[in-house]
Amino acid sequence: MSGAPHDFTLLPDLALRSLGGAVVWANDESFAEKENLIRPEPATFSTESFGHKGKVYDGWETRRRRRPGGDAPAADDCDEAVVRLGVPGVIRGVVVDTAWFKGNYPPEISVEAIAIEGYPPADEIAARPGWTTLVPRAKVEGDTANSFTVDSEQRFTHVRLRMYPDGGVARLRVHGEAKPDLRWLGSGRFDLAGLENGGRVVDCSDRFYSSPQNLLLPDRARIMGEGWETARRRGGGNDWVRVRLTGEGVLDAVEIDTSYFLFNSPGAARLTGIRADGTEVELLARTSLLPDTRHRFPIETADPVTEVRLDVYPDGGFARLRVFGTLTESARTRLAAEPVLGHLADDALDRLREDPS
């Protein structure tokens, strides 16, 4: 249903350009480019941004549809764009944000999804049958973040946004749980906290300045705003973030990156592992941190954990958190048995079960 933001917006946006998402196809982008749909920052507006074709919007905008002879479009006419998710996953909700589109937003939209192996041409993807409806045709409001919950346990790689009959959408957010290709998780040591590997933030103490999911993005931050920063604490206590790993794993190193945080980085940090039974193990004792620095620390415990909690003292921000290690054999078996990943090739599953490296 549409309305106010839902809890699903706390989950990662799987379509983000900074996570590797791409708008691979659109039937029309006469006024504004389709690629704007998945830009990570909120849409902006300038009264002076006019080009040869008119007002330049920070979003995807199509021409006005006309039937031959100038008649209005039919009820089933639509414009559409296809987005390849940065990482495949189970979609819990979408936000169709029409920010700044006030007289030119689409009256109705729908959203569909599909799972595709390999890299077929974009026009073939758009024409392929078998799309699953996530959001049936629904009304939307202009200049609004229109939110829709999704009830599906399927794993998808692409989504398709349709506008009826035309208009503009500023951003498309596709929130969910990453379910990467298992073949990339059976090749040894990797970052078990990384979004692209199936890790995600499940809770944190503060979201004042930015989303904590930024900590787990694949590339290095380019500016301070691409990390996670908390408000200034005026009382006691400290800030923290809790991350669910790809699966149960044995960790050997952590990277705590405070790049671009010069006068607002934490003074110290501590990393705690959480076992499958809920008990805790110290992975990194409270350790002083420097501003604007990629800190790398070894982890010497062999206890397998399913989550980690990073405590920062007392507050502040940092750019990225990397947690390196290997999956346990039981985690490999569990991942291979997940129904949403059952479409992957049997040899890939066998590799997960048999390769302990």
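**View 1. Pro314 sits in the loop between strand 19 and strand 20 (317-318).** Strands here are DSSP E runs of at least two residues, numbered from the N terminus. The bond joining Tyr313 and Pro314 is a cis peptide, with omega about -15°. This is a predicted model, where local features need pLDDT of at least 70, side-chain atom pairs count only at pLDDT 80 or more, and totals for chains, interfaces and linings use all residues. Numbering starts from 1 along each chain as its sequence is written, and side-chain values use heavy atoms, with hydrogens and water left out.

**View 2. Another cis bond runs from Tyr164 to Pro165, with omega near -10°.** Pro165 belongs to the loop between strand 9 (155-164) and strand 10 (168-169). For context, most peptide bonds are trans.

**View 3. Asp311 lies in strand 19 (residues 305-313).** Its relative accessibility is 7%, so Asp311 counts as buried (under 20% relative accessible area; exposed is over 50%, partly exposed in between, 1.4 Å probe, protein chains only). Leaving out residues up to four places away in sequence, Asp311 touches Asn238, Asp239, Trp240, Ala268, Ala269, Arg270 and Thr272, contact being heavy atoms within 4.5 Å.

**View 4. Trp100 has a positive phi, near 75°, despite not being glycine.** Look for Trp100 in the loop between strand 5 and strand 6 (108-114). With a relative accessible area of 33%, Trp100 is partly exposed.

**View 5. Tyr260 also shows a positive phi near 75° in a non-glycine residue.** The loop between strand 15 (239-257) and strand 16 (268-274) holds Tyr260, which is partly exposed at 40% relative accessibility.

Terms used
Helix = DSSP H or I, 4+ residues; strand = E, 2+ residues; numbered from the N terminus.
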